[in-house]
Amino acid sequence: MSNNHRNRLIRPETLTALGIVAVATAFLVPTASLKPISALLPAAMLVGLIILSVALLIDDQRKATAGEEPKPMTSAPKRVLGAFGLILGYALAVDFIGFYVSTAIAVPLVAYAFGYRNPLGLAIATAIVLGAIFMIFDFGMSQDFPAGRLWEN
């Protein structure tokens, strides 16, 4: 394997695209066990992520072929890694403490991590997100979100 070929695979955008494809595919597998109406939104979002990631991968590899130097993905990698950690923690929390409680905690934490510090604005944004989700899915479509293992017994 040539060194140039190896360098093309470790470009930040290429690694990001490959990582998103892998994670989205892994999350797509469990949607097959859900009821069709329940699986529609998460499956559509995951497939959309995969398609966009493949487009990013193709674009970055075209840039590599043209000899363009890779740009760093972010100027604040700790903030981005923290946000990914919050997302992973959110996914695990949904399983254990339920969707609504996890979302009520995660929305303001992610907004805070990205620099929004107004407590009233954080509370309003969280209420709007949770209210919209409840109105659309629970009330409008009669779809239940996970209650969490902690509350099931």
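**Notebook: helices, salt bridges and a nonpolar patch**

**Entry 1. Val29**

I began with Val29, which sits in the loop between α2 and α3. The helices here (H or I, at least four residues) are DSSP runs, as strands (E, at least two) would be, and they are numbered from the N terminus. The model is predicted: local features need pLDDT of at least 70, side-chain atom pairs count only at pLDDT 80 or more, and totals for chains, interfaces and linings use all residues. Residues are numbered from 1 along each chain as its sequence is written, and side-chain values use heavy atoms, with hydrogens and water left out.

Is Val29 buried or exposed? I looked up its relative accessible area and found 59%, so Val29 is exposed. The cut-offs are these: buried is under 20% relative accessible area, exposed is over 50%, and partly exposed is in between (1.4 Å probe, protein chains only). I also checked Val29 against Leu49. They are 20 residues apart along the chain, and their C-alpha atoms are separated by 14 Å.

**Entry 2. Two helix pairs**

Next I took α2 (residues 12-28) and α3. Their axes come within 8 Å and cross at roughly 160°. That makes α2 roughly antiparallel to α3. Axes are lines fitted to C-alpha atoms, for helices over the stretch in contact, and angles run from 0 to 180 degrees between N-to-C directions. Under 35 degrees counts as roughly parallel, over 145 as roughly antiparallel, 65 to 115 as roughly perpendicular, and the rest as oblique.

I noted the handedness too: α2 and α3 make a left-handed crossing. A crossing is left-handed if the near helix is turned anticlockwise from the far one by less than a right angle, and right-handed if clockwise.

Then I turned to α5 (residues 99-113) and α6. Their axes come within 9 Å and cross at roughly 140°. The two helices are therefore oblique to each other. The crossing of α5 and α6 is right-handed.

**Entry 3. Salt bridges**

How many salt bridges does a search of the whole structure find? I got 3. A salt bridge means a side-chain nitrogen of Lys or Arg within 4 Å of a carboxyl oxygen of Asp or Glu.

I looked at Arg11 and Asp60. Their side chains meet in a salt bridge at 3.0 Å, N to O. Arg11 lies in the loop between α1 (3-9) and α2, and Asp60 in helix α3, so the pair ties together parts that are 49 residues apart in sequence. Arg11 is buried, with a relative accessible area of 6%. Asp60 is buried as well, at 2%.

I moved on to Lys63 and Asp59. The closest N and O atoms of this salt bridge are 3.4 Å apart. Both residues are in helix α3, 4 residues apart, which means about one helical turn separates them. Lys63 is partly exposed at 24% relative accessibility. Asp59 is partly exposed at 35%.

I then checked Arg149 and Asp95. Their closest N and O atoms are 3.1 Å apart. Arg149 is partly exposed at 48%. Asp95 is partly exposed at 32%.

I stayed with helix α4 (residues 77-97), where I found Leu81. Leu81 is exposed, with a relative accessible area of 60%. Leu81 and Ile105 are 24 residues apart in sequence and 18 Å apart in space, C-alpha to C-alpha.

Ala91 is also in helix α4. Ala91 is partly exposed, at 33% relative accessibility.

**Entry 4. The nonpolar patch**

Which residues make the nonpolar surface patch of about 700 Å²? I listed Ile37, Leu40, Phe134, Met135, Ile136, Phe139 and Met141. Patches are made of residues with over 30% relative accessible area and no salt bridge; like charges are joined within 9 Å, and nonpolar side chains (Val, Leu, Ile, Met, Phe, Trp, Tyr) within 5 Å. Accessible areas come from the Shrake-Rupley method with a 1.4 Å probe, and for residues only the protein chains shown count as cover.

α3 (36-65) and α6 (119-140) each supply at least two of the patch residues. The largest share, 4 residues, comes from α6. Met141 is in the loop between α6 and α7 (149-152). Met141 is partly exposed, with a relative accessible area of 35%.
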